Amino acid sequence: MKLKAPFPREDADALDTIAFPEPGTVRRGNLRFSHPDLADWSWPYTVVRGASDGPQVALISGVHPAEYPALESNIRFTRSLDPARLSGTVVSLPVIDVPAFLPRSPFVCPIDGKNPNRFFPGDPNGTFTDVMDDAVFRAVIAPADALIDLHGGDMVEALVPFSIYSVSGNDDVDARSLALARAFGLRYIVAARPQPGAIGGTTAHAAPAAGVPSIIAEAGSSGLLTEPETQTLVEGIANALRSLGMLDGEPRKFDTIEIGQFSWLRSPAEGMWYPSVATGDHVLADQSVGRIGNLWGDTLAEISAPHDGVVLFITSAPAMPHDGLIMAIGETDESG
Ligand SMILES: [Zn+2]
(Lines give C-alpha, C1' and ligand atoms only; values in the text may rest on other atoms or scores of the structure.)
Protein backbone atom coordinates (compact mmCIF):
# COMPACT_ATOMS: atom_id res chain seq x y z
CA MET A 1 0.00 0.00 0.00
CA LYS A 2 1.40 3.42 -0.95
CA LEU A 3 0.66 6.02 1.67
CA LYS A 4 1.62 9.66 1.87
CA ALA A 5 4.13 10.46 4.58
CA PRO A 6 2.86 13.22 6.89
CA PHE A 7 4.75 15.77 8.96
CA PRO A 8 7.30 17.29 6.55
CA ARG A 9 9.61 19.61 8.47
CA GLU A 10 12.63 21.53 7.24
CA ASP A 11 14.73 20.84 10.28
CA ALA A 12 14.48 17.05 10.17
CA ASP A 13 17.71 16.43 11.95
CA ALA A 14 17.87 13.14 13.79
CA LEU A 15 18.91 9.81 12.29
CA ASP A 16 18.39 6.66 14.38
CA THR A 17 19.11 8.49 17.64
CA ILE A 18 18.05 11.83 19.07
CA ALA A 19 20.87 14.13 20.18
CA PHE A 20 20.03 16.29 23.18
CA PRO A 21 20.22 20.08 23.13
CA GLU A 22 22.09 22.15 25.72
CA PRO A 23 20.77 22.04 29.31
CA GLY A 24 17.83 24.36 29.79
CA THR A 25 16.76 24.28 26.13
CA VAL A 26 14.27 22.57 23.82
CA ARG A 27 14.80 20.87 20.46
CA ARG A 28 11.99 20.10 18.04
CA GLY A 29 12.54 18.10 14.89
CA ASN A 30 11.90 14.94 12.97
CA LEU A 31 13.45 11.59 13.69
CA ARG A 32 14.28 9.42 10.71
CA PHE A 33 15.73 5.94 10.53
CA SER A 34 18.38 4.45 8.28
CA HIS A 35 16.54 1.13 7.87
CA PRO A 36 15.41 1.12 4.20
CA ASP A 37 11.86 0.02 5.09
CA LEU A 38 11.41 3.23 7.09
CA ALA A 39 13.00 5.59 4.54
CA ASP A 40 9.75 7.31 3.51
CA TRP A 41 8.71 8.21 7.04
CA SER A 42 9.61 10.62 9.79
CA TRP A 43 8.64 10.92 13.43
CA PRO A 44 8.09 14.35 15.00
CA TYR A 45 9.85 14.67 18.34
CA THR A 46 10.56 17.21 21.04
CA VAL A 47 13.36 16.99 23.57
CA VAL A 48 12.99 19.20 26.63
CA ARG A 49 16.32 19.14 28.44
CA GLY A 50 16.05 20.48 31.95
CA ALA A 51 18.39 23.07 33.34
CA SER A 52 19.46 20.58 36.00
CA ASP A 53 20.24 16.88 35.85
CA GLY A 54 17.69 14.17 36.46
CA PRO A 55 16.07 11.12 34.90
CA GLN A 56 15.35 10.70 31.21
CA VAL A 57 11.69 9.98 30.49
CA ALA A 58 10.30 8.73 27.19
CA LEU A 59 6.81 10.19 26.73
CA ILE A 60 5.12 8.52 23.79
CA SER A 61 1.63 8.30 22.33
CA GLY A 62 0.11 7.30 19.03
CA VAL A 63 1.22 3.68 19.10
CA HIS A 64 -2.49 3.79 18.24
CA PRO A 65 -2.81 7.24 16.63
CA ALA A 66 -6.63 7.41 16.67
CA GLU A 67 -6.47 7.70 20.47
CA TYR A 68 -6.60 11.48 20.36
CA PRO A 69 -6.61 12.60 24.02
CA ALA A 70 -3.35 10.64 24.32
CA LEU A 71 -1.78 12.50 21.39
CA GLU A 72 -3.10 15.89 22.47
CA SER A 73 -2.02 15.54 26.10
CA ASN A 74 1.49 14.65 24.94
CA ILE A 75 1.65 17.62 22.54
CA ARG A 76 0.18 20.03 25.09
CA PHE A 77 2.21 18.92 28.10
CA THR A 78 5.46 18.90 26.14
CA ARG A 79 4.81 22.32 24.58
CA SER A 80 4.10 23.84 28.00
CA LEU A 81 7.08 22.27 29.74
CA ASP A 82 9.59 24.92 30.83
CA PRO A 83 13.15 23.52 30.71
CA ALA A 84 14.20 26.02 33.39
CA ARG A 85 11.88 24.21 35.83
CA LEU A 86 12.78 20.67 34.75
CA SER A 87 15.36 18.32 36.27
CA GLY A 88 16.24 15.70 33.68
CA THR A 89 15.04 15.24 30.13
CA VAL A 90 11.72 14.48 28.47
CA VAL A 91 11.82 12.90 25.01
CA SER A 92 8.34 13.21 23.49
CA LEU A 93 7.05 11.45 20.38
CA PRO A 94 3.33 12.16 19.93
CA VAL A 95 2.81 9.65 17.11
CA ILE A 96 4.60 6.31 16.92
CA ASP A 97 2.53 4.54 14.25
CA VAL A 98 2.97 7.41 11.78
CA PRO A 99 1.52 5.53 8.74
CA ALA A 100 -1.75 5.01 10.65
CA PHE A 101 -2.26 8.70 11.54
CA LEU A 102 -3.76 10.23 8.38
CA PRO A 103 -5.78 7.12 7.42
CA ARG A 104 -7.19 7.17 11.02
CA SER A 105 -6.49 3.47 11.17
CA PRO A 106 -7.62 1.88 14.44
CA PHE A 107 -5.25 -0.56 16.16
CA VAL A 108 -3.11 -1.57 13.20
CA CYS A 109 -0.45 -0.15 10.93
CA PRO A 110 -2.02 -0.01 7.45
CA ILE A 111 1.21 -1.08 5.75
CA ASP A 112 1.23 -4.63 7.13
CA GLY A 113 -1.95 -4.87 9.20
CA LYS A 114 -0.11 -5.51 12.47
CA ASN A 115 -0.90 -3.93 15.84
CA PRO A 116 2.37 -2.22 16.89
CA ASN A 117 1.54 -2.83 20.54
CA ARG A 118 1.98 -6.58 20.06
CA PHE A 119 5.46 -6.55 18.51
CA PHE A 120 7.74 -4.60 20.87
CA PRO A 121 10.73 -4.64 21.21
CA GLY A 122 10.50 -5.20 17.46
CA ASP A 123 12.63 -6.96 14.88
CA PRO A 124 14.75 -5.30 12.18
CA ASN A 125 14.23 -8.37 9.96
CA GLY A 126 10.43 -8.44 10.16
CA THR A 127 7.71 -6.56 8.30
CA PHE A 128 7.17 -2.79 8.59
CA THR A 129 5.65 -2.83 12.09
CA ASP A 130 8.40 -5.06 13.51
CA VAL A 131 11.04 -2.78 11.97
CA MET A 132 9.33 0.38 13.23
CA ASP A 133 8.97 -1.02 16.76
CA ASP A 134 12.64 -2.00 16.79
CA ALA A 135 13.78 1.42 15.59
CA VAL A 136 11.59 3.32 18.08
CA PHE A 137 12.53 0.99 20.91
CA ARG A 138 16.26 1.50 20.35
CA ALA A 139 16.05 5.25 19.77
CA VAL A 140 13.60 6.28 22.45
CA ILE A 141 12.58 3.56 24.91
CA ALA A 142 15.75 1.59 25.69
CA PRO A 143 17.81 4.71 26.59
CA ALA A 144 15.13 6.01 28.99
CA ASP A 145 14.96 5.71 32.78
CA ALA A 146 11.17 5.44 32.56
CA LEU A 147 8.53 5.14 29.85
CA ILE A 148 5.06 6.69 29.85
CA ASP A 149 3.04 5.36 26.89
CA LEU A 150 -0.28 7.19 26.48
CA HIS A 151 -3.30 5.38 25.05
CA GLY A 152 -7.10 5.44 25.23
CA GLY A 153 -10.10 3.78 23.71
CA ASP A 154 -9.47 3.48 19.97
CA MET A 155 -12.04 4.44 17.27
CA VAL A 156 -14.42 1.67 18.33
CA GLU A 157 -13.78 1.48 22.08
CA ALA A 158 -15.17 3.16 25.17
CA LEU A 159 -13.25 2.95 28.42
CA VAL A 160 -12.82 4.29 31.92
CA PRO A 161 -9.33 5.65 32.59
CA PHE A 162 -6.86 3.03 33.77
CA SER A 163 -3.15 2.28 33.75
CA ILE A 164 -1.39 -0.97 32.95
CA TYR A 165 2.01 -2.06 34.12
CA SER A 166 3.66 -5.38 33.45
CA VAL A 167 4.83 -7.72 36.18
CA SER A 168 8.14 -8.67 34.60
CA GLY A 169 9.66 -10.61 37.49
CA ASN A 170 12.34 -7.95 38.06
CA ASP A 171 11.08 -6.78 41.46
CA ASP A 172 12.92 -3.46 41.45
CA VAL A 173 11.66 -2.50 37.98
CA ASP A 174 8.14 -3.73 38.77
CA ALA A 175 8.00 -1.67 41.97
CA ARG A 176 9.03 1.43 40.01
CA SER A 177 6.41 0.75 37.35
CA LEU A 178 3.71 0.39 40.01
CA ALA A 179 4.89 3.60 41.71
CA LEU A 180 4.68 5.38 38.35
CA ALA A 181 1.13 4.08 37.81
CA ARG A 182 0.08 5.23 41.28
CA ALA A 183 1.60 8.66 40.69
CA PHE A 184 -0.08 8.97 37.29
CA GLY A 185 -3.27 8.65 39.28
CA LEU A 186 -5.81 7.00 36.97
CA ARG A 187 -8.42 5.27 39.10
CA TYR A 188 -7.74 1.66 38.10
CA ILE A 189 -4.34 -0.01 37.83
CA VAL A 190 -4.03 -3.31 35.99
CA ALA A 191 -1.03 -5.52 36.75
CA ALA A 192 -0.41 -7.50 33.54
CA ARG A 193 0.89 -10.86 34.69
CA PRO A 194 2.22 -13.69 32.54
CA GLN A 195 -0.66 -16.18 32.11
CA PRO A 196 -2.04 -18.43 29.38
CA GLY A 197 -3.71 -16.41 26.63
CA ALA A 198 -2.27 -13.11 27.87
CA ILE A 199 -1.12 -10.66 25.22
CA GLY A 200 2.55 -9.75 24.88
CA GLY A 201 4.70 -7.40 22.88
CA THR A 202 3.28 -4.22 24.38
CA THR A 203 5.54 -1.36 25.38
CA ALA A 204 4.65 -2.21 28.99
CA HIS A 205 6.05 -5.72 28.47
CA ALA A 206 9.13 -4.89 26.42
CA ALA A 207 10.40 -1.88 28.36
CA PRO A 208 10.65 -3.59 31.80
CA ALA A 209 12.30 -6.58 30.12
CA ALA A 210 15.01 -4.08 29.12
CA GLY A 211 15.13 -2.68 32.66
CA VAL A 212 12.96 0.38 31.95
CA PRO A 213 10.02 0.92 34.35
CA SER A 214 6.94 1.72 32.32
CA ILE A 215 3.21 2.29 32.27
CA ILE A 216 0.51 2.43 29.65
CA ALA A 217 -2.00 5.12 30.66
CA GLU A 218 -5.43 4.97 29.00
CA ALA A 219 -8.09 7.71 28.81
CA GLY A 220 -10.55 8.78 26.14
CA SER A 221 -12.88 6.89 23.84
CA SER A 222 -14.21 6.27 20.37
CA GLY A 223 -12.03 8.51 18.23
CA LEU A 224 -13.03 11.70 20.07
CA LEU A 225 -10.71 14.47 21.23
CA THR A 226 -12.33 15.15 24.59
CA GLU A 227 -11.07 17.81 26.99
CA PRO A 228 -11.66 16.13 30.39
CA GLU A 229 -9.67 13.04 29.37
CA THR A 230 -6.95 15.18 27.81
CA GLN A 231 -6.69 17.15 31.07
CA THR A 232 -6.61 13.93 33.10
CA LEU A 233 -3.65 12.70 31.07
CA VAL A 234 -1.82 16.06 31.23
CA GLU A 235 -2.18 16.07 35.02
CA GLY A 236 -1.09 12.45 35.20
CA ILE A 237 2.10 13.15 33.26
CA ALA A 238 2.92 16.14 35.47
CA ASN A 239 2.36 14.19 38.68
CA ALA A 240 4.40 11.24 37.40
CA LEU A 241 7.31 13.61 36.69
CA ARG A 242 6.91 15.13 40.17
CA SER A 243 7.12 11.64 41.65
CA LEU A 244 10.41 11.15 39.79
CA GLY A 245 11.77 14.43 41.20
CA MET A 246 11.79 16.08 37.77
CA LEU A 247 9.31 18.85 38.59
CA ASP A 248 8.99 20.86 41.79
CA GLY A 249 6.19 20.23 44.21
CA GLU A 250 4.94 17.39 46.31
CA PRO A 251 3.34 14.70 44.13
CA ARG A 252 -0.39 14.47 44.65
CA LYS A 253 -1.66 11.21 46.14
CA PHE A 254 -4.61 9.53 44.44
CA ASP A 255 -7.03 6.83 45.50
CA THR A 256 -6.19 4.11 43.02
CA ILE A 257 -7.67 0.63 42.83
CA GLU A 258 -5.55 -2.30 41.78
CA ILE A 259 -7.07 -4.88 39.47
CA GLY A 260 -6.38 -8.54 40.17
CA GLN A 261 -7.80 -10.58 37.32
CA PHE A 262 -8.27 -8.74 34.00
CA SER A 263 -10.51 -10.70 31.62
CA TRP A 264 -10.99 -9.93 27.94
CA LEU A 265 -14.32 -11.28 26.67
CA ARG A 266 -14.52 -12.39 23.04
CA SER A 267 -17.55 -12.88 20.86
CA PRO A 268 -18.71 -16.46 20.17
CA ALA A 269 -20.51 -15.32 16.99
CA GLU A 270 -20.38 -12.64 14.31
CA GLY A 271 -23.15 -10.11 14.07
CA MET A 272 -24.44 -7.06 15.94
CA TRP A 273 -23.15 -6.43 19.49
CA TYR A 274 -25.60 -5.00 22.02
CA PRO A 275 -23.97 -4.25 25.40
CA SER A 276 -26.33 -3.99 28.37
CA VAL A 277 -23.75 -2.46 30.71
CA ALA A 278 -21.60 0.67 30.50
CA THR A 279 -17.94 1.35 31.18
CA GLY A 280 -17.35 1.77 34.89
CA ASP A 281 -20.32 -0.45 35.82
CA HIS A 282 -19.76 -3.09 38.46
CA VAL A 283 -20.97 -6.53 37.42
CA LEU A 284 -21.40 -9.87 39.18
CA ALA A 285 -20.26 -13.29 38.01
CA ASP A 286 -22.73 -14.75 35.46
CA GLN A 287 -24.57 -11.44 35.12
CA SER A 288 -25.66 -10.72 31.53
CA VAL A 289 -23.53 -7.96 30.01
CA GLY A 290 -25.01 -7.98 26.50
CA ARG A 291 -25.87 -10.13 23.51
CA ILE A 292 -24.90 -10.80 19.92
CA GLY A 293 -27.67 -10.71 17.30
CA ASN A 294 -27.77 -11.50 13.61
CA LEU A 295 -29.00 -9.23 10.84
CA TRP A 296 -32.53 -10.68 11.05
CA GLY A 297 -32.85 -9.83 14.73
CA ASP A 298 -32.30 -13.30 16.19
CA THR A 299 -30.19 -13.52 19.33
CA LEU A 300 -27.13 -15.67 18.62
CA ALA A 301 -25.43 -15.50 22.00
CA GLU A 302 -25.93 -14.07 25.45
CA ILE A 303 -22.74 -12.73 27.00
CA SER A 304 -22.19 -12.98 30.74
CA ALA A 305 -19.49 -11.82 33.12
CA PRO A 306 -16.93 -14.51 34.01
CA HIS A 307 -16.43 -13.05 37.49
CA ASP A 308 -17.31 -10.03 39.60
CA GLY A 309 -15.60 -6.83 38.55
CA VAL A 310 -15.69 -3.43 36.92
CA VAL A 311 -16.17 -2.92 33.17
CA LEU A 312 -12.94 -1.22 32.08
CA PHE A 313 -13.61 -1.07 28.35
CA ILE A 314 -16.31 -2.00 25.87
CA THR A 315 -16.19 -2.24 22.11
CA SER A 316 -18.55 0.59 21.22
CA ALA A 317 -19.04 -0.37 17.56
CA PRO A 318 -21.87 -2.87 17.03
CA ALA A 319 -20.20 -4.69 14.11
CA MET A 320 -18.66 -7.72 15.76
CA PRO A 321 -16.53 -10.42 14.15
CA HIS A 322 -16.38 -13.96 15.49
CA ASP A 323 -13.79 -13.98 18.31
CA GLY A 324 -13.80 -10.17 18.29
CA LEU A 325 -13.00 -8.37 21.53
CA ILE A 326 -16.22 -7.21 23.19
CA MET A 327 -15.19 -5.92 26.61
CA ALA A 328 -12.76 -6.22 29.50
CA ILE A 329 -13.70 -6.79 33.12
CA GLY A 330 -11.27 -6.21 35.95
CA GLU A 331 -11.67 -7.87 39.32
CA THR A 332 -11.25 -5.47 42.22
CA ASP A 333 -11.50 -5.66 45.99
CA GLU A 334 -14.43 -3.26 45.79
CA SER A 335 -16.35 -5.49 43.33
CA GLY A 336 -19.67 -7.02 44.21
ZN1 LIG B 1 -4.05 2.02 22.39
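Axes here are lines fitted to C-alpha atoms, for helices over the stretch in contact, and angles run from 0 to 180 degrees between N-to-C directions. Helices (H or I, at least four residues) and strands (E, at least two) are DSSP runs, numbered from the N terminus. The model is predicted, so local features need pLDDT of at least 70 and side-chain atom pairs count only at pLDDT 80 or more, while totals for chains, interfaces and linings use all residues. Residues are numbered from 1 along each chain as its sequence is written, and side-chain values use heavy atoms, with hydrogens and water left out.

**Stop 1: H3 and H5**

Select residues 171-184, helix H3, and residues 227-243, helix H5. Their axes lie 7 Å apart, at an angle of about 130 degrees. H3 and H5 are therefore oblique to each other; angles under 35 degrees count as roughly parallel, over 145 as roughly antiparallel, 65 to 115 as roughly perpendicular and the rest as oblique. Now show the residues in contact (heavy atoms within 4.5 Å). H3 gives Leu180, Ala183 and Phe184, and H5 gives Leu233, Gly236, Ile237, Asn239, Ala240 and Ser243. Ala, Val, Leu, Ile, Met, Phe, Trp, Tyr, Cys and Pro count as nonpolar, Asp, Glu, Lys and Arg as charged, and the others, Gly among them, as polar.

**Stop 2: H1 and H5**

On the H1 side, the contact includes Pro69, Arg76 and Phe77; on the H5 side, Glu227, Val234 and Leu241 are among the residues. The contact of H1 with H5 divides into 8 nonpolar, 3 polar and 4 charged residues.

**Stop 3: two backbone details**

Most residues other than glycine have a negative phi, and most peptide bonds are trans. Zoom to phenylalanine 120 and proline 121, where the peptide bond is cis, with omega near 10 degrees. Proline 121 sits in the loop between strand E5 (87-93) and helix H2 (128-141). Then go to serine 222, in the loop between E10 and H5. Serine 222 is not a glycine, yet has a positive phi of about 55 degrees.

**Stop 4: strand E12**

Finish by selecting strand E12 (262-266), one of the elements that give two or more residues to the lining of the largest pocket. E12 supplies the largest share of that lining, 4 residues.
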